[in-house]
Amino acid sequence: MRFLTPKGRCFADIQPMTDEFGWSRRNAFIQPQVDAVMYHGLQRFPQVRCLFSREVEAFSQNGDSVTLNLKGPDGERETVRADWLVACDGGASFIRRTLNIPFEGKTAPNQWIVIDIANDPLATPHVYLCCDPVRPYVSAALPHGVRRFEFMVMPGETEAQLSEPHNMRRLLSKVLPDPDRVELIRQRVYTHNARLAERFRINRVLLAGDAAHIMPVWQGQGYNSGMRDAFNLAWKLALVGQR
């Protein structure tokens with residue numbers, strides 16, 4: 001990662017080169033592609049059923065199981081029972097709120113808009129953090145020719161306003177020579193939170209990922225910690241189930 005002045009001069013360069021854990025300290029990837037690989041990998045397990053576009057309307061638990069009441073995309077209702085419920089339903093977790101588990105921490109007063117562009121027009125391998133007091137921004141090279149920009153949202157600005165073509169062009173003109181000739185993949189505004197659930201389990205219901213702990217979106221640490229939660233819980237619940 002390189003830190004730049006408002007005029008683009010590099011004043012700090014961080015290059016972690018060690019691999020004491022067996023792999024590089026920093027690896028970039030495209031999350032939807034990783035999600036797709038994991039989803040297709042589930043086809044190896046006939047006992048796994050994926051249900052998309054379902055809303056949990058209510059749930060209950062006893063000493064032996066958890067029961068969920070689901071609402072489907074067409075309004076149909078379904079009841080699902082399981083030995084355990086692992087709530088991975090995000091920072092606004094319905095499961096956590098229903099259990100009245102406090103989610104203490106802080107929410108940053110400012111937001112950042114993330115813009116992903118295909119066919120990286122800069123073609124540089126580094127991550128840049130420009131310390132511009134007018135509007136700080138990040139420029140990051142991602143795999144498969146994707147370039148990500150992150151701009152601080154200033155007071156009074158909204159996601160709808162910044163997503164308008166002329167405002168998007170104004171943001172990108174600061175970092176690209178020809179902002180009119182880019183292939184936009186997506187844009188989204190993120191709020192930086194740092195919050196931790198008071199507890200991660202009540203009987204047969206457990207919290208994981210953003211439902212249990214949420215952090216700023218820098219360097220994909222939220223995604224990484226969610227993966228660690230899933231790995232950690234999977235073998236433990238499997239072991240308990242064998243008893």
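A salt bridge is a side-chain nitrogen of Lys or Arg within 4 Å of a carboxyl oxygen of Asp or Glu. Keep that in mind as we walk through this predicted model. Side chains of opposite charge can pair when their charged atoms come close.

R135 is buried, at 9% relative accessible area.

Next, hop over to D116 and R186, another salt bridge, with 3.1 Å between the closest N and O atoms. Here strand 7 (residues 103-118) holds D116 and strand 11 (residues 183-197) holds R186, so parts 70 residues apart in sequence get tied together. D116 is buried at 7%, whereas R186 is partly exposed at 30%.

Then there's R77 with E57, at 2.9 Å from N to O. R77 belongs to strand 5 (residues 77-82) and E57 to strand 3 (residues 55-61), 20 residues apart. R77 is exposed at 56%, and E57 is partly exposed at 31%.

Salt bridges can also join up: R49, R54 and E78 are linked in a network of them. In total, the count comes to 10 salt bridges.

What about disulfides? A search of the whole structure turns up zero. For C131, the nearest cysteine sulfur is that of C130, 6.7 Å away.

Terms used:
Residues are numbered from 1 along each chain as its sequence is written. This is a predicted model: local features need pLDDT of at least 70, side-chain atom pairs count only at pLDDT 80 or more; totals for chains, interfaces and linings use all residues. Side-chain values use heavy atoms; hydrogens and water are left out. A disulfide is a pair of cysteine sulfur atoms within 2.5 Å. Helices (H or I, at least four residues) and strands (E, at least two) are DSSP runs, numbered from the N terminus. Buried means under 20% relative accessible area, exposed over 50%, partly exposed in between (1.4 Å probe, protein chains only).
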